[in-house]
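Please open the model in your viewer and keep the selection panel at hand.

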Amino acid sequence: MITVAVTGALGRMGSLIIENIGDAPDMELVAAFDIRDIGMPVGVGTGTGASVAAGVSDVRVSDARKINALLASTSPDVLIDFTIADAAVGNVKAAVENGVAIILGTTGLEPHQEEIAGIIAGNVPAVIAPNFSVGVNVFWKLLAEAAAYIGDWDIEILEAHHRHKKDAPSGTAMRAADVISKVIGGKELVCGREGLAPRGDEIGIHAIRGGDIIGDHLVLFAGDGERIEIKHQAHSRQAFAGGAVKAARWVVDASKRVHGMEEVLGI
Ligand SMILES: NC(=O)c1ccc[n+]([C@@H]2O[C@H](COP(=O)([O-])OP(=O)(O)OC[C@H]3O[C@@H](n4cnc5c(N)ncnc54)[C@H](O)[C@@H]3O)[C@@H](O)[C@H]2O)c1
């Protein structure tokens with residue numbers, strides 16, 4: 001049995017991940033953390049419409065400020081974090097201090113990336129991914145392949161997410177730019193354009209926010225007289241939650257460093 005703790009337990013992703021853990025015969029939720037509604041049974045009032053999954057309904061939300069003590073007393077195998085970037089750093093530190101493997105899905109981590117990798121290296125295994133969906137990891141692979149042939153065409157990245165998403169551009173769009181830049185050499189990234197903006201040797205990135213869009217990403221390779229569009233659309237957050245749970249099963253036997261989702265999927 002793999003024992004799991006979840007931070008951001010009442011969030012859109014955290015509550016769905018808890019539902020997945022409740023449905024998994026090989027997993028047990030032992031702790032759930034948030035900064036609000038402390039003491040509430042998990043799966044209640046999350047706003048996701050999720051049913052309280054069997055086997056997790058007796059776990060209550062614990063105060064995230066007490067994460068260190070609770071990880072020590074519950075000794076989970078894995079901590080799954082989908083919170084906000086500033087909180088994620090502290091949660092990673094608490095996991096490392098307690099020898100708990102980490103699945104980190106929180107985005108907007110760019111300013112903290114090196115610090116987090118340093119804390120983890122040699123101490124615990126971790127999977128960090130701006131997108132845990134199988135489809136997006138294949139999408140990144142396809143982008144690298146396309147860039148090898150048509151990397152000299154104009155390249156623009158468009159992403160769309162729901163109105164509540166805090167960071168922009170999305171971590172998935174930034175990774176797409178990174179994947180392409182690695183193939184064709186570093187390019188300047190230009191986030192949005194306005195006014196007189198002559199094109200340089202750049203990749204344009206554009207973020208749209210609205211409604212309940214789960215997550216769309218489109219990369220446009222535009223040449224003279226033709227174009228190719230490579231697109232991924234998430235239909236539901238289950239795409240991410242299922243991947244995070246798959247990664248949690250994988251990470252318990254992984255080496256003590258940061259891994260990517262491509263290693264979990266073997267692609
Ligand atoms: N990697 C992926 O595949 C993937 C997919 C979807 C979302 N995300 C990212 O996951 C994060 C969460 O997304 P969401 O839509 O669930 O957001 P959300 O706002 O619905 O949930 C975040 C939850 O974290 C809680 N929280 C805040 N600070 C905390 C702390 N210190 N400790 C514990 N909990 C804390 C909030 O109260 C909230 O319940 C975002 O960064 C988002 O971009 C990643």
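The stops below begin with a helix and end with the domains.

This is a predicted model, in which local features need pLDDT of at least 70 and side-chain atom pairs count only at pLDDT 80 or more, while totals for chains, interfaces and linings use all residues. Residues are numbered from 1 along each chain as its sequence is written.

Select residues 113-120, which form helix α4 (helices are DSSP runs of H or I of at least four residues, strands runs of E of at least two, numbered from the N terminus). Colour I116, I119 and I120, the buried residues of α4 (buried means 20 or more other C-beta atoms within 10 Å of the residue's own, exposed 12 or fewer, partly exposed in between, with C-beta atoms placed from the backbone). Looking down the axis of α4, you will find these buried residues within an arc of 95 degrees, so they line one face of the helix (the arc is that of the directions from the helix axis to the C-beta atoms). On the other side of α4, E114 and G118 are exposed.

After α4 comes G122, with a positive phi near 80 degrees.

Now colour domain 1 (2-132 + 238-265) and domain 2 (134-233) separately; these bounds come from an automatic or database domain assignment. Ten residues of domain 1 are in contact with ten of domain 2 (contact means C-beta atoms, placed from the backbone, within 7 Å). On the side of domain 1 that touches domain 2, α7 (238-251) and α8 (261-265) each give two or more residues, and α8 provides the largest share, three residues.

Note on methods: Contact = placed C-beta atoms within 7 Å.
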